[in-house]
Amino acid sequence: MESINDDKPRVILNEYKVTQNFPNTTTVLDDTFEIKKFKKKFKIVIIRNEKYEMEFDMIGIHPFLANTFRRIMLSEVPSMAIEKVHILNNTSIIQDEVLAHRLGLIPLKADPRLFENKTDANAEHNENDSLEFELKIKCSNNKDQSIKNSSRTEDMYKNSNVYSKHIKWVPIGNQKDKFKEQDVRPIHDDILIAKMRPGHELDLKLFATKSCGKDHAKFSPVATVFYRLLPDIKIIKEVEGEAAERLVKCFSPGVISIRHEKGKKTAVVNNARYDTGSRNVFRYEDLKDAVVMTKVQDHFIFSIESVGAMQPDVIFKESINLLKSKCLSLLEDLNAS
Amino acid sequence: MPIAQLAGSETTNDSNKTFVFKDEGHTLGNALRCVISSYPDVLFCGYTVPHPAESKMHFRIQMKKGKAVDALKRGLDDLIKVCDVTMEKFNEEFDNFNEQATMSI
């Protein structure tokens, strides 16, 4: 039998409570912080890296570090969003302030690293700190005779739905040379902004600035960032036959599998990583003593979901840089005084 | 100036100090606290954000021996090194991962 008191710090999920194991060495959780030891223990493993999503493991670190990076990515890594809306004309039924708020929430594709923070909110927008867009659209009756008898709104009216694709970028100063048209625009083309009827009109000037999630959630570069501990399941008593099949059903699909050997079915742990940690096993008197469910306390499964302006790996690197520059400037400050 | 020291009282001297960080919160406070409180010379280390509407963070260090400022400096220095190591390991693994991805195609 494998012991749960190995060299990893673990939490044990019991029927009604959560306990901890007794690791046989000192772990990151109770050790003195030393950079050499940290470097030796720390490991990163990338599991999945897609356009907008990324999953990776950070192994051998103290929870504070995982949480610090999570917090920085959510609220301190900057991005661009519409901050000011000049309403020249709005005869649609949606009110000016609701429309302005809604426009602010549209995710923009623009690299925030190429912009400066706007220091004075009332200053003129310039090429280094702002992006200008235009939304000019008018709804009218559709004169096309071929679909005369249709009663679908798309056939009866032109521009009855205003989408994010109708937002046009207006370059300021040298921005025309600096950026390409396809790099500066709303990320999604099909976000519905307003519905209109003939005679309704929108004429807006939009200004996007750079800021961070602390200021307003629309500036957060991520849809979400979260981490969870690696689940680990151990079968400590042989589970056979019908009981094995019941055990499989107690966990998420793929976690426990059945091994056929000499006409006998035995339950084995296949992959505990994607287990939800549900405690269904404890419903069965005969199964509850057969498994130990644990979570490894220094193994973090990080998941970053980008909104789309930056790749998830760039967002993570930005968060490292931010923490570093923050510490550097504070240290400089301390040394100066 | 981002770091100030809390006005003195009988509980403040070289080895016991409360630092006030402007425009910082739980993000840096907790990270720094975890690093510094693990040092053997530190008797006590804790932080508080006195009021959520004020962007201020109070950071208290009490030492068994030595100066509180030195522990704070060491903590910040360690965090900087942590960032460097994280960046290095992440880049290494990221290149590895991409290499393997292109190889499997």
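At what angle do the axes of helix α2 and helix α7 of chain A cross? Keep in mind that this is a predicted model.

**Stop 1: the helix pair.** Select residues 63-75 of chain A for helix α2, then residues 312-336 of chain A for helix α7. Their axes cross at roughly 105° and come within 9 Å. Angles of 65 to 115 degrees count as roughly perpendicular, so α2(A) is roughly perpendicular to α7(A).

Now show side chains. From α2(A), pick Thr68(A), Phe69(A), Ile72(A) and Met73(A). From α7(A), pick Ile315(A), Phe316(A), Ser319(A), Ile320(A), Leu322(A) and Leu323(A). These residues make the contact. Colour them by class: 8 are nonpolar, 2 are polar and none is charged.

**Stop 2: the annotated domain.** Select residues 53-333 of chain A. An unreviewed UniProt entry places the feature "domain: DNA-directed RNA polymerase RpoA/D/Rpb3-type" there. Colour by secondary structure: this stretch is 22% helix and 36% strand. Its end C-alpha atoms lie 37 Å apart.

**Stop 3: the interface.** Bring up chain B beside chain A. The contact takes 40 residues from chain B and 42 residues from chain A. About 3700 Å² is buried between the two chains, and carbon and sulfur atoms give 75% of that area. Next, select Thr27(B), Lys89(B) and Phe90(B). Together they supply 18% of the area that chain B buries against chain A, more than any other three residues.

**Stop 4: charges across the interface.** How many salt bridges does the rule find across the interface of chain B and chain A? There are 3. Select Glu24(B) and Lys326(A): their side chains meet in a salt bridge, at 3.1 Å from N to O.

Definitions and conventions: Residues numbered from 1 in each chain as written. Chains lettered and ligands numbered in written order. Predicted model: local features only at pLDDT ≥ 70, side-chain atom pairs only at ≥ 80, totals over all residues. Heavy atoms only, no water. Axes fitted to C-alpha atoms, helices over the stretch in contact; angles between N-to-C directions. Helix = DSSP H or I, 4+ residues; strand = E, 2+ residues; numbered from the N terminus. Parallel < 35°, antiparallel > 145°, perpendicular 65-115°, else oblique. Contact = heavy atoms within 4.5 Å. Nonpolar A, V, L, I, M, F, W, Y, C, P; charged D, E, K, R; others polar. UniProt positions renumbered as here; feature names shortened; annotations may be inferred. Buried area = accessible area lost by both parts, 1.4 Å probe. Salt bridge = Lys/Arg side-chain N within 4 Å of Asp/Glu carboxyl O.
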